[in-house]
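I opened this model to look up its aromatic pairs, its nonpolar cores and its cavities. My entries follow in the order I made them.

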Amino acid sequence: MSSPTNNSGADSNKKAPKRRSPTAQKPAAASASNGKKSSTVTRKSAPKTTKAAAPTVKKSQGTPPPAPPIKKSTHWRRLFVLGSLAAVLLFGIWLVYLDAKVRAEFDGKKWALPAKVYARPLTLYPGKSLSAEQLRAELQWADYTRSSGASRVGSYDERGERWFIYRRAFPFWDGAEATRRLTVRIHDGHITELTDGQGDVALVRLEPQYIGGIFPAHNEDRELIKLSEAPAQLVAALIVTEDKAYFDHWGVSARGIARAMMANMRAGGMVQGGSTLTQQLVKNFFLTNERSLQRKIQEALMALLLERHYSKEEILQAYLNEVYLGQAGRRAIHGFGLASRFYFGKPLNELQTSEIAMLVGLVKGASFYNPRRNPERAKERRDLVLGLMEENGIISTAERIRAQGQSLETASPRRAGQREYPAFLELAKDQLQRNYRLADLQSEGLHIFTTLDPWVQHAVEDAAANQLSLLERRQPELRDQLETAAVITSVDGGEIRALLGSRKAEFFGFNRAIAAQRSIGSLAKPAVYLAALESGRYHWGSLLDDGPVTVAGPSEQLWQPKNYDHQSHGEVPMIDALARSYNQATARLGMQVGLQNVVAEFAKLGVEQPLPPYPSLLLGAISMSPLDVAHMYQTIASQGFVMPLRTIEAVTTASGETLSSYAIQGEQAYDPNMIQWLRYGLEQVAERGTAKALGQSFGVRLAAKTGTSDDQRDAWLAGFDNRHLGVIWVGRDDNQPMPYTGSSAALPIWRDTFKRVGVEPLLPASGLVNAAVDERGILLGDNCRGSIYPFLPDRLDSTAKPCEAAAQESKGKRSWLDWLF
């Protein structure tokens with residue numbers, strides 16, 4: 001059986017060359033493909049057929065022969081051609097898509113620039129209260145460096161009482177200001193001299209401190225620079241280190257790719273990319289960090305397209321602003337402009353050669369060569385870059401030796417000039433969103449000028465941390481249990497100067513200053529006494545009964561408040577009831593004045609939340625946030641002017657165009673004389689009452705009120721001088737009791753804060769007059785003997801009694817025991 005097959009195959013092979021027609025070959029190919037090659041040859045050479053071939057012969061006698069089948073090789077060739085055409089078409093479509101993507105994203109807004117938020121600028125003028133400690137701190141927070149004679153921009157020098165400051169230029173919201181060299185003399189805590197090269201200066205501002213940003217979801221931050229603003233050494237060092245042929249290739253370097261392929265083959269994987277600067281920009285700007293051949297091809301194509309449409313200078317400028325150079329907490333540091341400030345605390349144009357080399361070295365791996373975590377590795381990389389700079393004529397050998405000899409010094413990443421203030425930023429962001437979309441705040445690079453005073457903020461942060469640590473040392477079981485919040489405002493404008501939302505000042509989380517609703521305790525009492533004074537039936541010398549009080553509630557429940565010392569004090573002057581925070585006397589007074597009148601007083605003071613007219617309201621059984629309390633006390637501190645507490649001064653575009661500025665808003669809700677009358681009671685609290693520690697510490701006129709809620713769950717202190725109002729809260733997040741009161745927990749934080757900030761005594765009340773009151777609370781006429789209290793002038797005419805009449809009335813009220821003894 002095998003022999004005929006082999007012979008047929010041989011015969012077939014011999015006859016094959018005679019078939020020159022393509023049609024003659026097709027049947028043979030088709031039959032061969034069916035395993036019947038010998039049958040086909042036999043059919044053509046003789047009429048005799050086999051049984052297997054008979055049906056075919058019979059069929060062909062009556063019908064034309066079938067179309068010859070197509071060769072399999074030709075079929076695949078056609079498929080290959082069609083597939084190739086489709087692939088070329090798809091590749092073309094993909095290329096057009098990539099081209100459109102490159103142009104659209106590169107021509108448009110390249111980056112979502114977060115809004116940069118700044119503190120208030122430090123204003124200098126003759127007569128300003130300013131300590132040398134504060135000036136030094138604020139200069140350092142603004143990243144000024146001390147140098148002899150302050151000969152360069154961004155430096156300062158101090159020589160005794162004289163300070164030399166070379167101020168940087170800055171685009172303030174009301175106009176840009178140029179660099180300026182100042183001389184400041186500070187004597188006895190005040191500026192006594194302020195000059196520049198032209199003579200005396202009436203007022204000057206230092207540029208404000210950066211305090212945070214309003215970031216998009218990816219938290220990228222950058223400070224955009226133009227190529228012309230980058231030091232020439234930096235640009236040259238970057239090119240010779242990362243892509244020496246940058247100005248010669250078209251986006252892709254064949255030599256670099258070959259070198260990378262050899263390295264990858266030796267390593268058995270992707271270890272080197274061979275990327276040009278253009279490819280690096282494409283990867284960072286358009287693509288992910290995925291290591292794959294497909295992504296590498298896409299990167300190369302997009303690099304070629306980028307180079308086709310844009311100049312080398314445009315691409316290089318984008319690279320300087322895009323490259324990732326480090327991490328600052330939640331912020332990703334992109335671009336050399338921001339990296340210069342982050343690592344060295346100075347703008348790019350102030351960098352030294354060694355600092356430039358270190359930044360260029362970070363391009364290869366910002367984490368791997370981080371100078372703070374890996375100083376030896378970073379120094380080795382920096383010195384390598386310096387060597388390349390020398391080899392390529394960017395610096396001389398002497399410059400290279402000098403730069404390599406310098407230690408690797410960076411500014412602290414936790415310095416005030418780089419840290420953020422979470423509690424304040426949250427409130428500022430909320431207030432900004434009344435006028436601006438969040439998307440614009442996160443992407444348009446706006447400059448936000450705020451009211452935050454870094455000096456006050458640091459003072460309250462330090463005071464709170466120290467006090468809580470002290471309280472927990474006294475009660476070890478409270479360790480890490482106590483929390484705090486604070487709000488400090490300006491008395492005259494309602495600007496928030498400091499906001500503390502947690503004992504961990506840099507904590508992004510629950511902001512107790514604006515979100516914690518806590519019982520305010522005795523901080524509610526000034527509203528009760530204000531309602532009494534406004535009623536016309538009471539003055540500070542009026543007698544109140546501090547005996548036991550029982551009030552029946554709606555469901556026959558009895559309210560029986562007790563004093564903190566669990567004692568009753570009989571009849572006491574109204575001023576003593578407030579100064580010593582007697583609960584029983586205050587509750588009785590509030591019920592006599594009327595609960596609805598007290599509720600109305602809260603609303604008039606600026607409390608916006610609805611308050612139920614329950615008796616417990618009189619002693620502060622209502623929940624408010626520290627910010628709400630500050631709003632209420634702001635009305636008292638500002639002599640009856642109700643105003644919203646604000647965080648924003650102005651908003652400008654990245655180019656300095658002013659979009660909005662915010663002035664003081666509000667209304668005069670009270671006669672200033674009435675508020676001065678109430679303020680006298682709060683002054684007595686600070687002088688001889690529950691907050692007398694303040695009077696003892698400062699020895700000047702202050703106003704304050706302590707507050708302690710039921711079971712000592714909350715400790716408060718609200719107080720003000722002529723410049724600042726401060727509200728402090730201390731408590732536990734689980735709302736459990738603690739062995740501390742407002743005077744023992746919150747007051748020390750207020751005291752230590754204002755010791756550092758400085759106090760400005762309250763001015764004497766100008767709209768009040770003094771008058772005598774006898775021991776029964778009766779107002780006496782002129783020249784009468786008695787206890788002296790301040791009064792509104794119009795209250796004296798209607799209520800004062802002549803000395804003789806008052807004396808007779810007083811005698812009539814005496815018992816026979818009074819006469820006997």
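Entry on aromatic pairs. I took two rings of Phe, Tyr or Trp (its six-membered ring) as a pair if their centres lie within 6.5 Å, and called a pair edge-to-face if the planes are over 60 degrees apart. The model is a predicted one. By this rule I counted 17 aromatic pairs. I looked up Phe 170 and Phe 449: their ring centres are 6.1 Å apart and their planes stand at 85 degrees, so I noted the pair as edge-to-face. This pair links distant parts of the chain, since Phe 170 sits in strand S6 (residues 170-172) and Phe 449 in strand S16 (residues 447-450), 279 residues apart. I then checked burial. Phe 170 has a relative accessible area of 12% and is buried. Phe 449 is buried too, at 1% relative accessibility.

I also looked up Tyr 246 and Phe 247, whose ring centres are 5.0 Å apart with planes at 80 degrees, so this pair is edge-to-face as well. Tyr 246 is buried at 0% relative accessibility, whereas Phe 247 is partly exposed at 48%. I noted one aromatic cluster, formed by Tyr 118, Phe 170, Phe 172, Trp 173, Tyr 210 and Phe 449.

Entry on nonpolar cores. Which residues touch the most other members of the largest nonpolar core? I found Tyr 529, Trp 540 and Phe 602, in a core of 127 residues. Leaving out residues up to four places away in sequence, I listed the contacts of Trp 540, among them Tyr 529, Leu 533, Trp 677, Tyr 680 and Tyr 789. Another core, of 55 residues, lies apart from the largest one and includes Val 282, Phe 285, Tyr 310 and Leu 386.

Entry on Asp 99. I found Asp 99 in helix H5 (residues 72-107). Is this residue buried or exposed? Asp 99 counts as buried, because its relative accessibility is 18% and the cut-off is under 20%. Not counting residues up to four places away in sequence, Asp 99 touches Leu 305, Arg 308 and His 309. The C-alpha atoms of Asp 99 and His 309 are 9.3 Å apart, although 210 residues separate the two along the chain.

Entry on cavities. I counted 3 cavities of 30 Å³ or more. The largest cavity holds about 80 Å³ of space. Its lining has 13 residues, and the closest to its centre are Leu 122, Glu 138, Ala 142, Glu 207 and Gln 209. By class I noted 9 nonpolar, 1 polar and 3 charged residues in this lining. Helix H6 (residues 132-141) gives the most to the lining, with 3 residues.

Definitions and conventions. Residues numbered from 1 in each chain as written. Predicted model: local features only at pLDDT ≥ 70, side-chain atom pairs only at ≥ 80, totals over all residues. Heavy atoms only, no water. 1 Å grid on protein atoms, 1.4 Å probe; cavity = no way out; pocket = protein on both sides within 12 Å on 5 of 7 lines; lining within 4 Å. Points joined across faces, edges and corners; volume = space filled by probe spheres on them. Helix = DSSP H or I, 4+ residues; strand = E, 2+ residues; numbered from the N terminus. Nonpolar A, V, L, I, M, F, W, Y, C, P; charged D, E, K, R; others polar. Buried < 20%, exposed > 50% of the residue type's maximum accessible area, 1.4 Å probe, protein only. Contact = heavy atoms within 4.5 Å. Core = buried A, V, L, I, M, F, W, Y, C linked by side-chain atoms within 4.5 Å. Phe/Tyr/Trp six-rings, centres within 6.5 Å; stacked < 30°, edge-to-face > 60°.
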